[in-house]
Amino acid sequence: MTRAGTAAAVTGTLAAIFMPAAEAQRLNCAPRDVVTTTLSDKHGERPTLRGMVGNVMLEVWLADSGSFSIVLTQASNGLACMLGAGTSMHHVPPPKSGKKS
């Protein structure tokens, strides 16, 4: 995916955070403490990566089992939305010097 394509995808997802509450519920959004407690207590996940995209925090939560969740949290209202979740997440070692990945 190109940088422009990635930006468009992130922008579309971020727009979901600003939707009315009924739409946010359909998109698996809830107050941040509810989302993070569920990820931690129910799925054994913990935050492993965190960064800001404008006024939105993007996090990757990961469990030892390899299950993972991607969460976006709007700074202004604390609403957290699940962007995606899956299994078999693993670290990829950097390519050897001189080789492209």
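Visitor: What is the order of the strands in the open sheet?
Guide: In this predicted model, the open sheet has 5 strands in the order S1-S5-S4-S3-S2, with antiparallel pairing; strands are DSSP runs of E with at least two residues, helices are runs of H or I with at least four, both numbered from the N terminus, and two strands pair if DSSP finds at least two bridges between them. S1 and S2 (46-53) stand at the edges with a single partner strand each, so one side of each is left without a neighbour in the sheet.

Visitor: And by how much are neighbouring strands turned against each other?
Guide: On average by 25°, direction ignored, where the axes are lines fitted to C-alpha atoms, for helices over the stretch in contact, and angles run from 0 to 180 degrees between N-to-C directions.

Visitor: How many bridges join S1 to S5?
Guide: There are 3 bridges between S1 (residues 29-31) and S5 (residues 79-86), and within that pair Ala-30 stands opposite Ala-80. S4 (residues 68-74) is joined to S5 by 6 bridges, with Ile-70 opposite Gly-84, while S2 and S3 (residues 56-62) pair over 7 bridges.

Visitor: Which residue takes a positive phi in the hairpin of S4 and S5?
Guide: That is Gly-78, with a phi near 75°, in a hairpin that has 4 residues between the strands.

Visitor: Switching to helices, what does H3 lie across?
Guide: Helix H3 (residues 32-43) lies across S1, S2, S3, S4 and S5, and runs at about 105° to S1.

Visitor: Which residues make up the largest nonpolar core?
Guide: The 6 residues are Ala-30, Val-35, Leu-39, Trp-61, Val-71 and Ala-80; a nonpolar core here is a set of buried Ala, Val, Leu, Ile, Met, Phe, Trp, Tyr and Cys residues joined through side-chain atoms within 4.5 Å.

Visitor: Is Ser-69 buried or exposed?
Guide: Ser-69, which has its place in strand S4, is buried because its relative accessible area is 3%, given that buried means under 20%, exposed over 50% and partly exposed in between, with a 1.4 Å probe and protein chains only.

Visitor: What does its side chain make a polar contact with?
Guide: The side chain of Ser-69 makes a polar contact with that of Glu-45 at 2.7 Å, a polar contact being a pair of N or O atoms within 3.5 Å in which, within protein, one must be able to donate a hydrogen and the other to accept it, and residues adjacent in sequence count only if both atoms are side-chain atoms.

Visitor: How are residues numbered, and which atoms do side-chain values use?
Guide: Numbering starts from 1 along each chain as its sequence is written, and side-chain values use heavy atoms, with hydrogens and water left out. As this is a predicted model, local features need pLDDT of at least 70 and side-chain atom pairs count only at pLDDT 80 or more, whereas totals for chains, interfaces and linings use all residues.

How values were computed. Contact means heavy atoms within 4.5 Å.
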